[in-house]
Amino acid sequence: MAIRLNSDVSMANGPRTTLAPADPSGHSDDLRLGDLVDGLPPVITPQVSVQAAAQILRDRALSCLVVVDGATVLGLFTEREVLQAVAVGGDVMATPLSLGLVVSVPALRPEDSLLGAAQTMATAELSHLLVVDEQGQLCGLVPRQRLIQALAFAKPNLDPSAEAGARSEEAIADAPTEGGRYPALANGAVPLAPEQGLTILAHIHHQLLGLEGQNRLRVLTHCLERLGLASGALGAALFETHLDREGTTLTSLRTAWWNPSAAKADPAPLQNLPQGQLQRWHGVLSRGGMLTGRLDSFAAVEQPLLHHLGAAAVLVLPLRCHGQYFGFLVFSYPSAGQPWSSATVELLRTASMALSLTWEQYTMQSCLHQTQSAFASLFHHSPDPMAVTTFPEGRHLLVNASYARWLGRPGSEIIGRRPAELGMVHNRRQFARLRRQICDRGRIQNIEIDSHLADGQTHTLLVSAELTQLNDQPCLLSIGKDITERKAIQATLSAAEARFRVIFEQIDVGICQANLDGQLMDVNPGMGSMLGFSRAELIGKTFPEITHPDDLALDLHHYNRLLAGELESFTIEKRYCHKAGGFVWVALTVCLVRSDDGEPLFSIGVSQDISDLKQEEAERQAAEKALQASHQRINNILESITDAFFALDQSWQFTYLNQRAEQFLQRSRHRVLGQNLWYEFPEVLGTQMSKELRRAMVERVSLTFEEYMAHSDSWCEFHVYPTQEGLAVYFRDVTGRKRAYEQIEHQIRREQALNRVVQAIRRSLDLDIIFETAAREIAHLLQADHVDIQMRQPADGGWRVLAEYRADDPCPACSTGCSTTTRRWLSVSDSSISCS
């Protein structure tokens, strides 16, 4: 609803004529809000400052002002907003009301009921209500206290439904509130007068102003006592959060006040409360809110604390320092209701803000004292000369021990005297120029000043000075460092630098100088010609910018170790990027140049072009890799073939065996490799295999032969090939094939012999010829050198030879001339055949 003002309303307006107020002694059943309207207070604009608005409230003894913008009512400005603006520490002279200090107030009609108005006021937590007529014109205000008194008078005459609404209002008042909401005033409670609250706040501020130098807890306890007595509290306690050794947040009671009529709580259970017990409290209070309500309205985990405080209802307010929540105030009350008014709550909240601000001031003063102590300690114990002199006269007011030692005089002789009076002779032109710089800029920094002391020696002092105030007098705080010895060392270093520069410019390798961040500060011509850059193009670049990306990680790893002091120097091979594209391989050696106290100053890198060497190495590695790949392919082939294979060098030592050869020779390659063939297999000596192998080795010819292997009772077929290293021997087991061939040949010979015997029988029936033919064929078939056919004589039991065959040649199966006789018997009726 838009609220408008009559055209005759202005800032100078006093109270308007009010509607007829209700007679508090009467018993009217139709009492309405219009009967309680007060006159309209003065009107101000939102551009008025807080101080000006507060002055109007104080001069006219008012509790609120109406804030309007043109013809629109924005809200009210009350004493509570004055206290809020003061508590936050803002500039009340420059802060306008528009910055969150105007309370928006709903507007009601004169005919609205008192109970509805009370519910609106309790819900919005207001001290006044606006009343407008049917045209939207502002009629006036209804104060909270007048509305409560009227409700108390009219309550006996309310109908049951209205009485239920009143009970609902009381239930709302009893519920715990958070986030800065104010509780409704209990029936019959008398609010705290504004002048009484201001008196209490003034007393508390007076106590807190003397906090420095006094017992802090004693002053805080006295403040809690005044606030507890003013609010009618049973007790008031201050809790602070802190950390234990493990960094866990705890809450402990620091100080408390108890009403003389109440029993003091035991402080022991109120120490080191865990974070979880008051987790909800910390969340609300850290956001600037507050907690209030009866004991039974709080969570079960929070009630033990309230039981120890002996409270039936509490009000909890936050404490903050430099914007950070660090504790809270707890005001406990003996009754289960809420006997404190919004003014009392505002007083206590303002007091908590005052305690917070005072604590900030106390901590700032402590920090200031610590800073002053630290400066005094630094001034008097500094190893460098420090002095405070008047400006521009230059008379010494304060000097430290180092300054007295440097000057060679006790401090008592220096104080109050000028440099010239102490025998110090300076360059007057230089001093005049420095004096003008100090006047213009307020300081000088790192200026070298030559001083001729009384002993005749000249000392160079590196001076920094700043203009300051001491006892309302302009003074100069100066600090210097005697660099006379350093200057002499620098002269020596300059000579060494000149010699280094000659080497730096003429040597035919790349040399670069870089700062600790890797930025090139100087390079020699050799570095530029190696990379194709000019000197100007290289200076300012960082070594990561000109390093091949694949080599940067290795370079940075060694460089960081060098900076950390783990290495004195390092040498690596890396690639630099060439200006024309591509890269240059270098052997880089890097070391650090350090100061006298061991601090690193810069790095020196020396690079030798090794691109040709790396190219040769790359080619060699490529050839080796190709050779290894070839060897690997050959090995794979040799391992995958079914033939057994071994290789011998010219010393008859095994250089390779495949898996099949290991199985056939019954030797592992780890045992045989590097061993001599004749030592490892002595049974081969003198055999056909040894002859053939020696022939292949000497004549460098390829051979194929078969050999009977006695150790395995098998026949093998050997293929021998000469190689550059020695011999390559492939062999396979052909025993099966050999046996098959023998069986076939035996069968053929048997059939041929049988055929010849049959033919002999057919050609002649002469038994002698038949037996001779049979003996001869049996000898050929059985490969016997002696066969005879005998017949047993039944008469005497003896044997008569019917036919006999003797071979002239030895047994073809035995190359050494076997003398072993094998006799086979064949019985045919009364005859027998024997062969040997």
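Glu804 counts as partly exposed at 41% relative accessibility, where buried means under 20% relative accessible area, exposed over 50%, and partly exposed in between (1.4 Å probe, protein chains only). Glu804 forms a salt bridge with Arg806, and their closest N and O atoms are 3.1 Å apart. A salt bridge here is a side-chain nitrogen of Lys or Arg within 4 Å of a carboxyl oxygen of Asp or Glu. Arg806 counts as exposed, because its relative accessibility is 55%.

The model is predicted, so local features need pLDDT of at least 70 and side-chain atom pairs count only at pLDDT 80 or more, while totals for chains, interfaces and linings use all residues. Residues are numbered from 1 along each chain as its sequence is written, and side-chain values use heavy atoms, with hydrogens and water left out.

By the salt-bridge rule, the count comes to 23. One of these pairs is Lys487 with Glu448, whose closest N and O atoms are 3.1 Å apart. Lys487 lies in helix 14 (residues 484-506) and Glu448 in strand 15 (residues 443-452), so the pair ties together parts that are 39 residues apart in sequence. Helices (H or I, at least four residues) and strands (E, at least two) are DSSP runs, numbered from the N terminus. Lys487 is partly exposed, with a relative accessible area of 34%, and Glu448 counts as partly exposed at 36% relative accessibility.

Another salt bridge joins the side chains of Asp522 and Arg535, at 2.6 Å from N to O. This pair links distant parts of the chain, since Asp522 is in strand 19 (residues 520-523) and Arg535 in helix 16 (residues 535-538), 13 residues apart. Is Asp522 buried or exposed? Asp522 is buried, because its relative accessible area is 7%. Arg535 counts as partly exposed at 40% relative accessibility. Elsewhere, a network of salt bridges links Glu393, Arg395 and Glu421.

Surface patches come next. They are made of residues with over 30% relative accessible area and no salt bridge; like charges are joined within 9 Å, and nonpolar side chains (Val, Leu, Ile, Met, Phe, Trp, Tyr) within 5 Å. Lys and Arg count as positive and Asp and Glu as negative, while His and the chain ends are not counted. The place of a charge is taken as NZ of Lys, CZ of Arg, CG of Asp or CD of Glu. A patch of negative charge on the surface gathers Asp482, Glu485, Asp596, Asp597 and Glu599. Asp597 lies in the loop between strand 21 (583-594) and strand 22 (600-609), and Asp597 counts as exposed because its relative accessibility is 62%.

A nonpolar patch on the surface is formed by Leu397, Leu398 and Leu470, with about 210 Å² of accessible area together. Accessible areas come from the Shrake-Rupley method with a 1.4 Å probe, and for residues only the protein chains shown count as cover. Leu398 lies in strand 14 (residues 396-399) and is partly exposed, with a relative accessible area of 37%.

Strands can also be followed through their pairing. Two strands pair if DSSP finds at least two bridges between them. An open sheet is formed by 3 strands in the order 4-5-6, with mixed pairing. Its edge strands are strand 4 (107-108) and strand 6 (138-143), each of which pairs on one side only. Strand 5 (residues 128-132) and strand 6 run antiparallel and are joined by 5 bridges. Within this pairing, Val132 has Leu138 in strand 6 as its bridge partner.

Leu126 is in the loop between helix 3 (114-124) and strand 5. Leu126 counts as buried, because its relative accessibility is 6%. Leu126 and Ser342 are 216 residues apart in sequence, while their C-alpha atoms are 9.1 Å apart in space.

Met386 lies in strand 13 (residues 386-390) and counts as buried at 6% relative accessibility.

Strand 25 (residues 703-709) has a covered face of Leu703, Phe705, Glu707 and Met709, and an uncovered one of Thr704, Glu706 and Tyr708. Strand 25 and strand 26 (residues 714-722) run antiparallel, joined by 7 bridges. Which residue in strand 26 is the bridge partner of Tyr708? The partner is Trp715.
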